[in-house]
Amino acid sequence: MNILDKFSLKGKVALVTGASYGIGFAIASAYAQAGATVVFNDVNQELVDKGLASYRELGIEARGYVCDVTDESAVMAMVERIGNEAGPIDILVNNAGIIRRVPMTEMSAGEFRKVIDVDLTAPFIVAKAVIPGMIERGHGKIINICSMMSELGRETVSAYAAAKGGLKMLTRNICSEYGGYNIQCNGIGPGYIATPQTAPLREPQPDGSRHPFDQFIVAKTPAARWGTVEDLTGPAVFLASEASDFVNGQILYVDGGILAYIGKQP
Ligand code: NAP
Ligand code: GCO
């Protein structure tokens, strides 16, 4: 077998949650290029339709489903529908996520719970829905989109960091509990990526200068740039393919080196 064949996703069905745009869209598009049948969901029909049109522009015939990943019965119904319409799910990417940037002492418990619900409980719900079928078929790939905040904290992102830290351990626990069924569960930890989610951190200042946080991240990153969604596609294909069959419970940080770097002396 040619080594490149190990990275093929031909014949696989991949579900990427929250993939109408952003990181999820880029990962799903790469999976289609690698041969997978792509299915995705988003919270409303407008977003799903937007996503379908974007996939079509790339020549990808994806299937889109309206589903709030925090709603367990809706997720179960979506997974069953996907099985009937596209085939059983071989690859799951828990990508859907939100962030609320609020100082912890000003954040309500409800706001905190909402972030935990989408960023941690939902990956549990969706993984729980797909694992039985993966066990039945003797193989499966689960990829949780973690974050640098699985390792580090910063002001105003207490709920997000708690969720992404928990998602790192959920990843390790799925590996521990289901690795024996030939299910590999790994995480991708993106660094700072230019998507709508981080747009507020990159907004030019009224005087036209770069956002202070933008300057901070570029200075803190050895690659001296923000990541792009394309930077994540190769690692995502690797973790979804048989090339990573003996990789389990790992978080692959795709961060331009920021986690390894103490930063320049001021
Ligand atoms: P994004 O642009 O905000 O996209 C997130 C997607 O998830 C959106 O389509 C969003 O829909 C969807 N979503 C939110 N809540 C949902 C729910 N309850 N059910 C279904 N879909 C839902 O985010 P992104 O930057 O692409 O990030 C994607 C993932 O990577 C997230 O888990 C994020 O935490 C993680 N991440 C991002 C970065 C970064 O720098 N961008 C770095 C590390 C990790 P709506 O449009 O309705 O919100
Ligand atoms: C923030 C950013 C980060 C990124 C990402 C970093 O406000 O600090 O949104 O949290 O989204 O998670 O890996």
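How do the residues of the lining of the largest pocket divide into nonpolar, polar and charged? They split into 21 nonpolar, 11 polar and eight charged. Here Ala, Val, Leu, Ile, Met, Phe, Trp, Tyr, Cys and Pro count as nonpolar, Asp, Glu, Lys and Arg as charged, and the others, Gly among them, as polar.

This is a predicted model, where local features need pLDDT of at least 70, side-chain atom pairs count only at pLDDT 80 or more, and totals for chains, interfaces and linings use all residues. Residues are numbered from 1 along each chain as its sequence is written, chains are lettered from A and ligands numbered from 1 in the order in which they are written, and side-chain values use heavy atoms, with hydrogens and water left out.

**View 1. The largest pocket and its lining.** The volume is about 850 Å³. The lining counts 40 residues, and Asn95, Ala96, Gly97, Ile98 and Gln197 lie nearest the centre of the pocket. Two or more lining residues come from each of helix H1 (22–33), strand S2 (37–42), helix H4 (109–137) and helix H5 (158–178). A pocket is an open set of points on a 1 Å grid over the protein atoms alone, with protein on both sides within 12 Å along at least five of seven lines; lining residues have an atom within 4 Å of a point. Points are joined across faces, edges and corners, and a volume is the space filled by probe spheres set on them. Helices (H or I, at least four residues) and strands (E, at least two) are DSSP runs, numbered from the N terminus.

**View 2. Ligand 1 in the largest pocket.** Ligand 1 sits in this pocket; to sit there, more than half of a molecule's atoms must lie within 2 Å of the grid points. Around ligand 1 are 28 residues, with Tyr21, Asn95, Tyr160, Ile193 and Thr195 nearest. A residue is near if one of its heavy atoms lies within 4 Å. The shell around ligand 1 has 16 nonpolar, nine polar and three charged residues. H1, S2 and H5 each supply at least two of the shell residues.

**View 3. Polar atoms beside ligand 1.** A polar side-chain atom of Asp68 is 2.9 Å from a nitrogen atom of ligand 1. Val69 places a backbone N or O atom 3.1 Å from a nitrogen atom of ligand 1. A polar backbone atom of Asn95 lies 2.7 Å from an oxygen atom of ligand 1. On its own, ligand 1 has 880 Å² of accessible area, and the protein covers 90% of that. Accessible areas come from the Shrake-Rupley method with a 1.4 Å probe; for residues, only the protein chains shown count as cover.

**View 4. Ligand 2 and its shell.** Ligand 2 also sits in the largest pocket. Its surroundings hold 14 residues, the closest being Arg101, Ser147, Arg154, Tyr160 and Tyr192. Eight are nonpolar, four polar and two charged. The side chain of Ser147 has an N or O atom 2.6 Å from an oxygen atom of ligand 2. A polar side-chain atom of Gln197 is 2.8 Å from an oxygen atom of ligand 2. For a backbone N or O atom of Gly191, the distance to an oxygen atom of ligand 2 is 3.1 Å. The protein covers 96% of the 330 Å² of accessible area that ligand 2 has on its own.

**View 5. The largest cavity.** A cavity is a set of grid points where a 1.4 Å probe fits but cannot get out. The structure holds one of 30 Å³ or more. About 40 Å³ of space lies in the largest cavity. Its lining includes Thr17, Val69, Asn94 and Asn95. H4 gives the most to this lining, with four residues. By class, the lining has six nonpolar, three polar and no charged residues.

Notes:
A polar contact is a pair of N or O atoms within 3.5 Å; within protein, one must be able to donate a hydrogen and the other to accept it, and residues adjacent in sequence count only if both atoms are side-chain atoms.
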